[in-house]
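Hello,

Here is the structure I promised to hand over. My notes on it follow below.

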Amino acid sequence: MVKVEFLGPIGVDAMELDAKNLAELKEILSQNTQISKWLELCAVSLNDEIVNDINQELKTGDKISILPPVCGG
């Protein structure tokens, strides 16, 4: 199981999910309409490091953060 947290305006509580890699996790999250609209816009961090490889392997205990785009001054 991996822990997935959704930051900022996504407005979804953290979840624990079973996924082998980020591609599988994306497929699972895409089934939730509140989350799916954010997936193409957001960055993803794995254990506090930004990752870009959709095939990135996940291990039990990993923490994934879904990071929406931000702006500020």
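The chain has two helices and five strands. Here helices (H or I, at least four residues) and strands (E, at least two) are DSSP runs, numbered from the N terminus. From the N terminus on, the order of elements is β-β-α-α-β-β-β. The radius of gyration of the chain is 12 Å, close to the 11 Å that the globule rule gives for 73 residues, so the chain is as compact as a globular protein of that length. That radius is taken over C-alpha atoms, and the globule rule is 2.2 Å times the number of residues to the power 0.38. Along its principal axes, the C-alpha trace spans about 35 × 25 × 20 Å.

Before you go further, please note the ground rules. This is a predicted model, in which local features need pLDDT of at least 70 and side-chain atom pairs count only at pLDDT 80 or more, while totals for chains, interfaces and linings use all residues. Residues are numbered from 1 along each chain as its sequence is written, and side-chain values use heavy atoms, with hydrogens and water left out.

Now the sheet. Five strands form an open sheet in the order β2-β1-β5-β3-β4, with mixed pairing. Two strands count as paired if DSSP finds at least two bridges between them. The edge strands are β2 (15-17) and β4 (49-51), and each pairs on one side only. From one strand to the next, the twist averages 30 degrees. Axes for such angles are lines fitted to C-alpha atoms (for helices, over the stretch in contact), and angles run from 0 to 180 degrees between N-to-C directions.

Helix α1 (residues 22-30) packs on this sheet. It touches β1, β2, β3 (43-46), β4 and β5, where contact means heavy atoms within 4.5 Å. The direction of α1 makes about 125 degrees with that of β2.

The pairings, one by one:

- β1 (residues 2-6) and β5 (residues 63-67) are parallel, over four bridges. Lys3 stands opposite Lys63, and the bridge partner of Glu5 is Ser65.
- β3 and β5 are antiparallel, also over four bridges. Val44 stands opposite Ile66, and Ser45 stands opposite Ser65.
- β3 and β4 run antiparallel, joined by three bridges. Leu46 stands opposite Glu49. Their hairpin has two residues between the strands, and Asn47 takes a positive phi near 50 degrees there.

Last, the largest pocket. It holds about 310 Å³ of space. On a 1 Å grid over the protein atoms alone, a pocket is an open set of points where a 1.4 Å probe fits, with protein on both sides within 12 Å along at least five of seven lines; lining residues have an atom within 4 Å of a point. Grid points are joined across faces, edges and corners, and the volume is the space filled by probe spheres set on the points.

Of the 15 lining residues, Lys26, Leu39, Cys42, Val44 and Ile54 are the closest to the pocket centre. α1, β3 and β4 each supply at least two lining residues. α1 gives the most, with four. By class, the lining has 11 nonpolar, one polar and three charged residues. Ala, Val, Leu, Ile, Met, Phe, Trp, Tyr, Cys and Pro count as nonpolar, Asp, Glu, Lys and Arg as charged, and the others, Gly among them, as polar.

Best wishes
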